[in-house]
Amino acid sequence: MKPRNHSGDSGNTASTKPRADADSGQSSDNRAGAYQTGVGGGTSGSREDRVLRIGDARPDRHGRLSNVRIRWASLSVRARRMTLAAASAMVLLFAIVLIVARRHTAASTPAAGAMAGMPGMAGSQDMKGMAGMNVTENGSVKLTADQVQKFGITFGTAEIRPLTAETRTTGVITFDETRIAQVAPKFSGFAEQLYVNFTGQPVRRGQPLLEIYSPELVAAQQELLLAGQLQRDIGRSPVPGVSGNSGDLLAAAKRRLQLWDISDGQIDEILRTGRSRRTLTMFAPVSGVVVEKKVLQGQAIMAGEPLYTIADLSDVWVDVQLREADAAAVTPGSGAAIEVSGLPGRTFDGRVTYVYPTLDSVSRALRARVVVINSGGILKPGMYATVRLLTPGRSALTVPNSAVLRTGERNVVFVDMGNGELMPHDVEIGRTASDYMEILSGLEAGQRVVTSAQFLLDSESNLGEVMKAMVGQMGAGDKQNMSDMPGMNMPAKTGGAGEMNDKGADVRGMTNMPGMKMPPATPKR
C-alpha cells in the first residue's frame with residue numbers, strides 16, 4: 001500500500017479553490033436572479049427558499065431595489081392584510097378627529113360677514129355678483145325685459161270666470177231605442193213572397209215587406225164581403241119596418257182586418273172588387289235600416305213571431321262611461337262634443353238626455369246617454385267615440401291651470417308686482433274646470449300671474465333662500481376662507497411623463513389645489 005501524496009492533494013485543492021470561488025460568485029449571481037424571478041415573476045418554492053433568495057439578493061443594474069420592498073415581499077399574505085388594515089384605521093381615525101375639531105370651531109365662532117367675494121354666489125345684499133336673475137330678500141325674482149323674453153315667460157290674469165266642468169271619457173255609439181220597430185204578424189200563415197230579403201237594406205215607411213197567405217185572412221175577407229153585400233141588399237129591401245142601415249156589421253168586419261195591420265187601401269180594394277185575395281201585404285211601419293231579418297220565403301210563421309227589426313238612424317245614442325268621481329259633474333242637459341277615430345277632424349255636438357240611476361259594482365262606472373243627430377247616417381252603431389262633457393257651473397276667481405306650480409306640499413303662483421319683480425304667492429286651490437283652476441285664497445281679481453317657466457323661477461327663489469340660510473349658519477372663519485378661495489388651477493395639458501403619480505393616476509391641474517397636498521410625481525418604471 002502506497003502512502004498518499006498529501007502535497008498533491010493539497011495542490012489539487014489549492015488549484016481548484018479559485019474555480020470554487022468563481023463558482024461561488026456565479027451561484028451568488030444565480031441566487032440574485034432567482035430572487036427576481038421568484039418575487040417579480042411568481043416562481044413557486046418554499047418560504048425558506050424565498051427568504052434565502054431575498055437575503056442573498058443584490059440590487060439590480062438600475063439600483064431600484066430597496067430594503068423596504070425586500071421586507072414587504074418577505075411578509076406573508078396575512079401579514080400584508082393586517083398592515084394595510086392598521087394603516088386604513090389610522091387614516092380614518094385622523095379624518096374623524098379633524099371633522100369633529102372643525103365642527104367645534106364652527107359652532108363656537110359667531111356668524112358675521114358674507115360670501116361677497118365668492119364667484120357665482122348672489123344673494124339679497126351680500127350675493128350681488130351672480131349674472132342672470134336677482135333674488136330679493138322676500139324671495140322675489142327680478143328680471144329685465146330681455147330676460148323675460150329670453151326665458152320665455154308668459155303671463156295671464158286672475159279673473160272671475162264661470163266654472164265649466166269638463167269631463168273627458170269614452171263611449172260607444174248605439175241605436176236610438178225609441179226609433180227601433182219590429183214587424184211581427186198577429187196571425188199565423190206562410191211567407192209567400194219577400195220584398196225585403198237581406199239585412200241592412202234601407203226601407204221607407206209604407207214600403208212593402210212581404211206577402212203572407214193565411215186562412216184566417218181569407219175567412220176575414222169573406223166576412224167583409226158578406227157584410228158589404230148584406231148592407232146593399234137591406235138598403236134596397238121594400239119590406240116595411242126593416243131598417244136599411246147595416247153599417248155596424250160592415251164596420252166590425254173592417255175593424256177586424258185593421259187590427260191585424262191590414263192597410264185601408266187593401267180593405268177598400270177588396271170591397272171594390274168584391275173578391276177576396278189569397279195573400280195580403282205587410283208594410284214597413286217606420287223608415288230606417290233592416291238590422292235583423294228572421295224570415296225566409298215559404299217559411300211558416302206564427303202569430304207574434306218577429307220577422308224584421310228596423311232601426312231609424314237619423315238619431316243615435318252614445319253610451320258613455322263615467323267615473324264615480326265625475327258622477328256629480330254630469331247632469332241631464334250637459335253639452336257634449338263627440339269625436340270618432342274613423343272620422344278625423346270632425347266633431348259632433350250632442351246633449352246628455354239621461355243619467356242612469358245605478359252604478360256598476362264591478363267597474364265602478366256610471367252610464368250616461370248622449371243623443372246625437374246623425375245627418376246622412378255617418379255615425380255607425382258600434383263605433384268608439386271620445387266624448388267631452390261640458391257642464392256650466394258657478395262663477396269663481398280662477399287662473400289658468402299652467403299658472404299654479406304644485407310642489408307636493410304647497411301650491412305657488414308667481415305674481416307680477418311691477419318693474420320686473422315676480423313674487424311667489426302661496427294659494428289654496430279649489431275645483432278644476434276645463435283650462436282654469438279655482439283660487440280660494442291667496443290672490444285677488446285682476447292680478448297678473450306667470451303662466452310659464454315657473455320651475456325656473458321657483459328654483460331661483462329657493463336658491464336665494466338656501467344662500468341666506470348658508471350665510472347665517474357659517475362661521476366667520478368659513479366665510480373668510482370661502483371668500484378667498486381661488487378654486488382649482490387647471491394648467492394647460494402638456495403631456496409630460498411627470499403628470500402621472502406612482503399609482504398611474506393623472507394629477508394634472510391638482511398640484512395647486514388648496515387643502516389637498518399631492519405627493520410629488522415620480523417617473524414611471
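**Cores, sheets and a cavity in a predicted model**

Leu209 touches Val183, Leu194, Tyr195, Val196, Val203, Met282, Phe283, Ala284 and Tyr308, leaving aside residues up to four places away in sequence; contact here means heavy atoms within 4.5 Å. The model is predicted, so local features need pLDDT of at least 70 and side-chain atom pairs count only at pLDDT 80 or more, whereas totals for chains, interfaces and linings use all residues. Residues are numbered from 1 along each chain as its sequence is written, and side-chain values use heavy atoms, with hydrogens and water left out.

Leu209 also belongs to the largest nonpolar core, which has 30 residues; Leu209, Leu210, Leu257, Val295 and Tyr308 have the most contacts inside it. Such a core is a set of buried Ala, Val, Leu, Ile, Met, Phe, Trp, Tyr and Cys residues joined through side-chain atoms within 4.5 Å, where buried means under 20% relative accessible area with a 1.4 Å probe, protein chains only. At least two core residues come from each of strand 6, strand 8, helix 6 (215–235), helix 7 (247–259), helix 8 (264–273), strand 9 and strand 12. Helix 6 gives the most, with five residues. A second, separate core of 19 residues includes Val318, Leu322, Ala336 and Val387. Helices (H or I, at least four residues) and strands (E, at least two) are DSSP runs, numbered from the N terminus.

The strands are considered next. Two strands pair if DSSP finds at least two bridges between them. Strand 8 (residues 208–213) runs antiparallel to strand 6 (residues 189–194), joined by four bridges, and Gln193 has Glu211 as its bridge partner. Strand 8 also pairs in the antiparallel sense with strand 9 (residues 279–283), over five bridges; here Ile212 is partnered by Leu280.

An open sheet of four strands has the order 5-12-10-7, with antiparallel pairing. Strand 5 (180–183) and strand 7 (202–203) stand at its edges, each with a single partner strand, so one side of each is left without a neighbour in the sheet. Four bridges link strand 5 to strand 12, and Ala181 is the bridge partner of Ile310.

The structure holds one cavity of 30 Å³ or more. On a 1 Å grid over the protein atoms alone, a cavity is a set of points where a 1.4 Å probe fits but cannot get out, and lining residues have an atom within 4 Å of a point. Gln182, Glu292, Lys293, Lys294, Pro306, Leu307, Tyr308 and Thr309 line the largest cavity.

Conventions:
On a 1 Å grid over the protein atoms alone, a cavity is a set of points where a 1.4 Å probe fits but cannot get out, and a pocket is an open set with protein on both sides within 12 Å along at least five of seven lines; lining residues have an atom within 4 Å of a point. Grid points are joined across faces, edges and corners, and a volume is the space filled by probe spheres set on the points. Buried means under 20% relative accessible area, exposed over 50%, partly exposed in between (1.4 Å probe, protein chains only).
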